[in-house]
4 protein chains.
Amino acid sequence: MKHDPLELVVQDIAEEMAQALDRGRVADYIPDLASVSSDHFGIAIVDMEGRSFVAGDAQMQFSVQSITKVFALTMALGAVGDGLWKRVGREPSGSAFNSIVQLEWEQGIPRNPFINAGAIVVSDILLASHEPSAVIAEFLRFMRMLTGDDTIVIDEQVARSECETGNRNVALASYMRAFGNIHHPVEKTLGVYFNQCSLSMNCHQLALAGRFLMAGGINPDTGLSVVTPGRARRILALMMTCGHYDGSGEFAFRVGLPGKSGVGGGILAIVPHVASIAVWSPGLNERGNSQLGTLALERLVQRTGWSVFEPN
Amino acid sequence: MKHDPLELVVQDIAEEMAQALDRGRVADYIPDLASVSSDHFGIAIVDMEGRSFVAGDAQMQFSVQSITKVFALTMALGAVGDGLWKRVGREPSGSAFNSIVQLEWEQGIPRNPFINAGAIVVSDILLASHEPSAVIAEFLRFMRMLTGDDTIVIDEQVARSECETGNRNVALASYMRAFGNIHHPVEKTLGVYFNQCSLSMNCHQLALAGRFLMAGGINPDTGLSVVTPGRARRILALMMTCGHYDGSGEFAFRVGLPGKSGVGGGILAIVPHVASIAVWSPGLNERGNSQLGTLALERLVQRTGWSVFEPN
Amino acid sequence: MKHDPLELVVQDIAEEMAQALDRGRVADYIPDLASVSSDHFGIAIVDMEGRSFVAGDAQMQFSVQSITKVFALTMALGAVGDGLWKRVGREPSGSAFNSIVQLEWEQGIPRNPFINAGAIVVSDILLASHEPSAVIAEFLRFMRMLTGDDTIVIDEQVARSECETGNRNVALASYMRAFGNIHHPVEKTLGVYFNQCSLSMNCHQLALAGRFLMAGGINPDTGLSVVTPGRARRILALMMTCGHYDGSGEFAFRVGLPGKSGVGGGILAIVPHVASIAVWSPGLNERGNSQLGTLALERLVQRTGWSVFEPN
Amino acid sequence: MKHDPLELVVQDIAEEMAQALDRGRVADYIPDLASVSSDHFGIAIVDMEGRSFVAGDAQMQFSVQSITKVFALTMALGAVGDGLWKRVGREPSGSAFNSIVQLEWEQGIPRNPFINAGAIVVSDILLASHEPSAVIAEFLRFMRMLTGDDTIVIDEQVARSECETGNRNVALASYMRAFGNIHHPVEKTLGVYFNQCSLSMNCHQLALAGRFLMAGGINPDTGLSVVTPGRARRILALMMTCGHYDGSGEFAFRVGLPGKSGVGGGILAIVPHVASIAVWSPGLNERGNSQLGTLALERLVQRTGWSVFEPN
């Protein structure tokens with residue numbers, strides 16, 4: 001940040017976003033998402049000094065959805081190490097989040113862990129020989145540890161809806177199972193996946209959860225390592241190239257930060273060694289990423305110079 | 001850089017690369033590239049203080065090829081501004097550098113300016129109402145200005161070979177012309193493109209040419225602005241997400257710097273506000289990017305902590 | 001037929017096939033198919049006069065597999081009429097029998113009823129509000145009626161194996177359900193599909209079952225109409241253009257008859273108003289169609305002049 | 001034909017077509033096609049006895065376009081025999097007439113000789129070591145011989161327009177040349193192709209030209225063989241499975257005859273040993289085939305029972 005106190009910056013941004021007219025389109029594939037108003041906007045920044053700056057609906061719970069893919073990947077890398085990359089690629093997909101075309105061309109190996117197919121493989125890895133409920137409990141403990149907040153829960157109503165409408169994900173999982181890249185029964189693997197996606201958080205909690213990625217792998221609350229610095233760096237690289245589905249190039253172009261979006265309208269963005277940022281606004285752009293969330297991050301980076309491509 | 005004097009670092013890297021056994025495969029689609037030995041390796045770093053650190057074959061000329069796409073894009077943005085983005089996208093392609101499939105799906109709009117189709121549109125924009133020879137002369141002046149070196153030339157033998165073997169590029173250009181996205185006769189547009197690609201430089205010159213991207217758009221020789229800071233930042237973002245064809249994710253994962261590779265075996269990588277780096281080794285990996293060039297940059301980043309995702 | 005008595009022709013063909021060296025490759029995705037020897041070859045011809053000509057293993061049971069798609073389509077057209085074509089196309093697919101790519105491009109509408117996806121929609125139509133077991137019982141009655149043979153059964157061991165290894169078909173069905181083109185739970189629809197495919201018949205029975213297509217829709221045993229003449233004609237047209245997956249063009253080119261193949265090695269081919277022909281040999285060519293079955297039909301047509309494209 | 005004298009049938013059909021409201025959309029990519037009124041309809045039938053039955057605008061010249069692919073294929077098979085099939089496939093494409101996607105997947109080998117890419121390869125084969133003008137002269141002689149009509153010419157205005165707007169075809173040819181499947185300079189090969197497509201005929205002439213396919217390869221005027229009976233049969237098979245681009249399945253389903261359409265609105269259809277039929281109406285359906293031409297053939301087959309799938 002160059003000139004502005006961050007309090008003022010987040011306030012300004014929240015005010016501008018409140019007045020935005022083109023707010024995108026709220027996801028409507030499940031009632032729990034469709035019923036959220038596109039009027040909401042929240043932002044939270046947590047910095048290396050442990051300070052928090054919040055504005056708007058930063059304390060309102062929303063469905064974290066695909067942003068959980070970052071945390072599930074972190075857990076799975078902790079469990080199986082870089083062997084994970086034999087089952088998932090590291091390249092942008094060049095297609096929509098739920099495309100099945102690429103899976104046929106690449107024989108069941110998803111392009112990266114942040115598209116649905118890749119995240120389902122990550123769920124399958126986490127499942128190992130456990131029951132889905134045990135894996136989800138472990139995932140929840142992980143998220144509570146990262147945030148230092150034991151109130152974080154999974155929205156079971158959302159999880160049920162995801163499960164009921166999840167035919168495309170059943171298709172993806174079954175298809176990968178046909179290629180041998182899903183090792184457990186599809187319903188178990190998807191049990192993990194659907195519950196993980198249904199995590200409920202607010203912007204402040206999400207920014208707190210992202211701190212280890214800001215801080216070279218260290219959880220600032222405990223000083224303990226969540227991942228090695230090298231792994232933190234590589235997760236950020238994946239967020240930069242693959243974190244916004246087929247809008248990842250555009251996000252890098254406009255914002256210049258590693259980030260991960262979710263269909264609930266949230267985005268987690270990381271300024272290495274500086275800040276962990278969460279924004280939320282439910283309306284999505286045509287690529288499925290938060291319309292105002294992206295705009296807010298663009299404004300923030302303009303005011304602070306926080307782009308990783310900014311030479312100062 | 002943390003501990004090592006850069007002289008030592010580049011020397012170490014050059015020595016390690018000299019002994020590497022798996023050197024990739026030299027491009028063989030034209031004799032001028034096929035005849036280059038994969039034994040070569042060069043590295044050059046120019047920093048913000050204007051110091052140069054070179055090792056290996058850093059003074060040996062090589063065919064810059066697709067790395068010129070960064071400079072041509074810079075020129076074209078200077079000429080027509082962001083209107084350029086109506087004719088070229090900003091997303092990773094998810095496919096090979098010369099794929100024509102995506103062009104059919106997206107009605108003649110290439111995914112980004114760093115795949116062949118996108119760079120051909122950029123050539124078409126540069127052509128405007130001029131003759132190809134005038135555009136190439138202008139391009140050469142631009143490159144000489146960026147490097148402060150008037151000895152830089154285009155290898156006309158390479159240009160002729162490119163032209164003779166360029167049927168895929170004729171196909172790409174003709175196809176886009178059918179969609180109205182190439183405005184000039186295909187042979188003129190490709191005249192610009194083939195000559196531009198045939199630029200000959202050495203590592204040191206290439207690192208010098210990249211300085212304006214390191215320095216927020218300023219040419220350090222003159223203190224004058226080549227592009228605005230915002231545009232420099234956005235070009236770097238494109239290099240990060242799209243600079244290595246369908247290996248861009250892997251390069252970001254391993255190296256963590258914005259970079260652009262060429263089929264001649266060169267890579268230009270930028271550490272914002274810190275360094276402009278050029279490496280060269282003719283052997284390519286399976287994605288068409290320099291095998292040892294990538295490895296050398298990975299080593300460099302390990303030694304220096306220069307990844308943009310490194311939190312310190 | 002021009003010169004040869006058919007007894008002699010089928011005998012000659014069976015002898016030639018017995019000595020063929022390149023017998024293709026037996027399907028191995030389920031044990032019940034993998035364990036069948038590629039040494040087998042059978043042929044049966046039933047003509048308009050009700051005469052039967054058989055040779056080789058014409059009385060040996062084999063898994064009818066995809067040839068059942070012709071009969072299931074016939075039943076479904078009887079049930080819902082041409083409204084069926086709103087949910088299934090009538091074009092060759094230009095891709096493999098189990099490709100999912102086309103489904104994404106065409107939004108869940110399979111290209112034709114003879115690729116897996118299309119046949120699964122047909123199963124879903126047959127299911128209507130019934131239980132899978134009732135639909136299968138009805139299908140079996142239909143096949144027994146067509147052949148006049150009550151011994152025809154479904155191989156339940158094969159059905160179980162199909163179900164266990166059917167992940168690709170689960171993927172296809174789930175994917176189409178996501179687009180709203182499968183109306184029932186995927187496991188019920190596939191329950192019908194897997195059982196239908198597991199029908200067990202011999203060549204003679206299969207040729208008998210095909211008689212209504214030879215005879216303008218009339219069952220010769222009863223003189224009653226199975227389908228209208230126009231519908232019989234249109235089913236034959238579909239067999240011609242789509243009956244051999246991505247080898248349909250080749251089959252038409254070599255044999256010139258409407259036909260339908262199955263992965264068990266059977267082929268049903270129809271000479272309108274002349275003959276219903278079934279051949280069987282388990283080894284498949286690279287397109288998944290019976291290697292010797294195709295060759296045998298080519299020989300038969302050469303001897304008889306039965307191609308629909310033959311001008312006499 | 002069952003009941004109706006053919007004079008009456010063609011007259012009835014012409015009258016019905018004159019009153020049709022949905023006449024499709026005239027091709028507009030070149031002025032010479034765009035300026036033709038969709039009001040036109042013509043039909044001509046030539047039978048084995050040499051009788052001609054014509055109605056409507058059967059004597060009006062139109063641009064034969066892709067229907068010439070049948071005749072060019074015939075010539076090329078005569079020149080190089082079945083070796084032609086090493087360079088062109090025999091399967092329906094499952095995609096549009098000018099798609100380039102499949103060429104990338106199948107490494108420059110077009111799926112069949114009746115899509116543009118395949119026909120361009122056929123032109124390249126005809127070119128051999130000759131000049132385009134000599135090949136076109138030979139092609140014209142062939143067409144005049146088949147019809148017994150020396151007035152048949154190529155519309156040079158159309159040929160020029162095709163050439164000027166032929167960027168997609170340049171793309172296809174250049175792309176295949178990159179794969180080594182076009183042996184001559186693209187402009188020469190396309191010189192043949194564009195001129196061939198610009199052949200001008202009327203329905204009666206076209207029906208006459210198709211007689212050798214009706215008559216087992218024999219030219220009825222001379223009694224001499226144009227192709228062997230087997231080759232005639234195989235060309236008809238290709239017309240059945242590939243003659244209407246991505247509407248071939250639909251044409252077979254509705255009409256049940258081997259046919260070939262052109263973007264000028266013509267269709268040639270063959271009833272083996274019975275009739276050669278040409279229809280023409282410039283308005284096209286969404287697959288690029290004549291809207292009323294298809295309907296007229298459907299009516300004709302309903303009245304005559306001429307479908308090859310009709311059992312009597």
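## Two domains in chain A

The centres of domain 1 and domain 2 of chain A sit 21 Å apart, taken over C-alpha atoms. Domain 1 of chain A covers 6-64 + 200-304 and domain 2 covers 66-197, with bounds that come from an automatic or database domain assignment. Where they meet, 35 residues from domain 1 of chain A and 40 residues from domain 2 of chain A take part in the contact (heavy atoms within 4.5 Å).

A quick note on ground rules: this is a predicted model, so local features need pLDDT of at least 70 and side-chain atom pairs count only at pLDDT 80 or more, while totals for chains, interfaces and linings use all residues. Residues are numbered from 1 along each chain as its sequence is written, chains are lettered from A and ligands numbered from 1 in the order in which they are written, and side-chain values use heavy atoms, with hydrogens and water left out.

## What holds the domain 1 side

Putting domain 1 and domain 2 of chain A together buries about 3000 Å², with carbon and sulfur atoms giving 67% (accessible area lost, 1.4 Å probe, summed over both parts). On the domain 1 side of chain A, the residues that lose the most area to domain 2 are A:R231, A:L238 and A:Y245, together 20% of what that side buries.

A:R231 also turns up in a salt bridge with A:D82, the closest N and O atoms being 3.5 Å apart (the rule wants a side-chain nitrogen of Lys or Arg within 4 Å of a carboxyl oxygen of Asp or Glu). The count between these two domains of chain A is 1 salt bridge.

As for secondary structure, α12 (229-242) is one of the elements giving two or more residues to this side of domain 1 of chain A.

## Chain B against chain D

Here 15 residues of chain B are in contact with 15 residues of chain D. The buried area between chain B and chain D is about 1400 Å², and carbon and sulfur atoms give 65% of that. B:E104, B:N167 and B:R168 supply 35% of the area chain B buries against chain D, more than any other three residues.

How values were computed: Buried area is the accessible area (1.4 Å probe) that two parts lose on being put together, summed over both. Helices (H or I, at least four residues) and strands (E, at least two) are DSSP runs, numbered from the N terminus.
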